[in-house]
Amino acid sequence: MNLQLLLALSSQRVEVPMPKESEGQKKTVERVMHEFKHGELEQRGGRKVKNPKQAIAIALHEAGASNRESPKKNAKALARTKQKERRGETAMAEKEGKTAQRKITGDGGRTKSELYAEARKRDIPGRSRMSKAQLQRALHH
C-alpha cells in the first residue's frame, strides 16, 4: 500500500514556492541584464560577457540572490552592489546615466536644484537669480 501511495504522489507535480526577491534585487538583476543586452557587461578582467547563462549568474550574484552563496555573503554582495549603483560606477550609469555626467563636470555630483536647496537653507540673498556656477561659488565662501 505504501508503494502505491508513493507512486501516486510521485506522478503528481509538486510545486515548490520560489523565494521572493526584494525590490532592490529585482532592480539590480534588471540593470545587469540590461548591461548584458547592450554589450556593456564585463567580467573581472575587463572582457565582455557573451554567454547569457554567465550574465544571469553575475546578475544573481550582484543581487545577493545566488543559491551558491551563504545568506551572509549574499547580503554583503547586495550591499556592495547598491553602494556601487549609488556612486554611479555601473556600466549603465557610465554610458547612459546622469551620475557619470556629473562626475565628468566635476561639480561634486550636485544638481542646480540641490545647490539651490542648500542656498535656501543658508539664506543666501539673490539665490533665485544665480546660475549653477554662481550658486557653487556662493556656497563655497
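**Note on the largest pocket and the helix packing**

1. The largest share of the lining of the largest pocket, five residues, comes from α4, where helices are DSSP runs (H or I, at least four residues) numbered from the N terminus. This is a predicted model, in which local features need pLDDT of at least 70 and side-chain atom pairs count only at pLDDT 80 or more, while totals for chains, interfaces and linings use all residues. Residues are numbered from 1 along each chain as its sequence is written, and side-chain values use heavy atoms, with hydrogens and water left out.

2. The volume of the largest pocket is about 610 Å³, a volume being the space filled by probe spheres set on grid points that are joined across faces, edges and corners. A pocket here is an open set of points, on a 1 Å grid over the protein atoms alone, where a 1.4 Å probe fits, with protein on both sides within 12 Å along at least five of seven lines; lining residues have an atom within 4 Å of a point.

3. Of the 22 residues that line the largest pocket, Glu42, Gln43, Ile58, Glu62 and Lys84 lie nearest its centre. Two or more lining residues come from each of α2 (23–37), α3 (52–63), α4 (71–87) and α5 (91–96). By class, the lining has four nonpolar, six polar and twelve charged residues, with Ala, Val, Leu, Ile, Met, Phe, Trp, Tyr, Cys and Pro taken as nonpolar, Asp, Glu, Lys and Arg as charged, and the others, Gly among them, as polar.

4. α2 and α3 pack at an angle of about 150°, with their axes 8 Å apart; axes are lines fitted to C-alpha atoms, for helices over the stretch in contact, and angles run from 0 to 180 degrees between N-to-C directions. The two helices, α2 and α3, are therefore roughly antiparallel to each other, since angles over 145 degrees count as such. Their contact (heavy atoms within 4.5 Å) includes Val29, Val32 and Phe36 of α2 and Ala55, Ile56 and Ala59 of α3, and its residues divide into ten nonpolar, two polar and two charged.

5. The axes of α3 and α4 come within 6 Å and cross at roughly 95°, which makes α3 roughly perpendicular to α4, the range for that term being 65 to 115 degrees. Here His61, Glu62 and Ala63 in α3 meet Ala77, Leu78, Arg80, Thr81 and Lys84 in α4.

Terms used
Angles under 35 degrees count as roughly parallel, over 145 as roughly antiparallel, 65 to 115 as roughly perpendicular and the rest as oblique.
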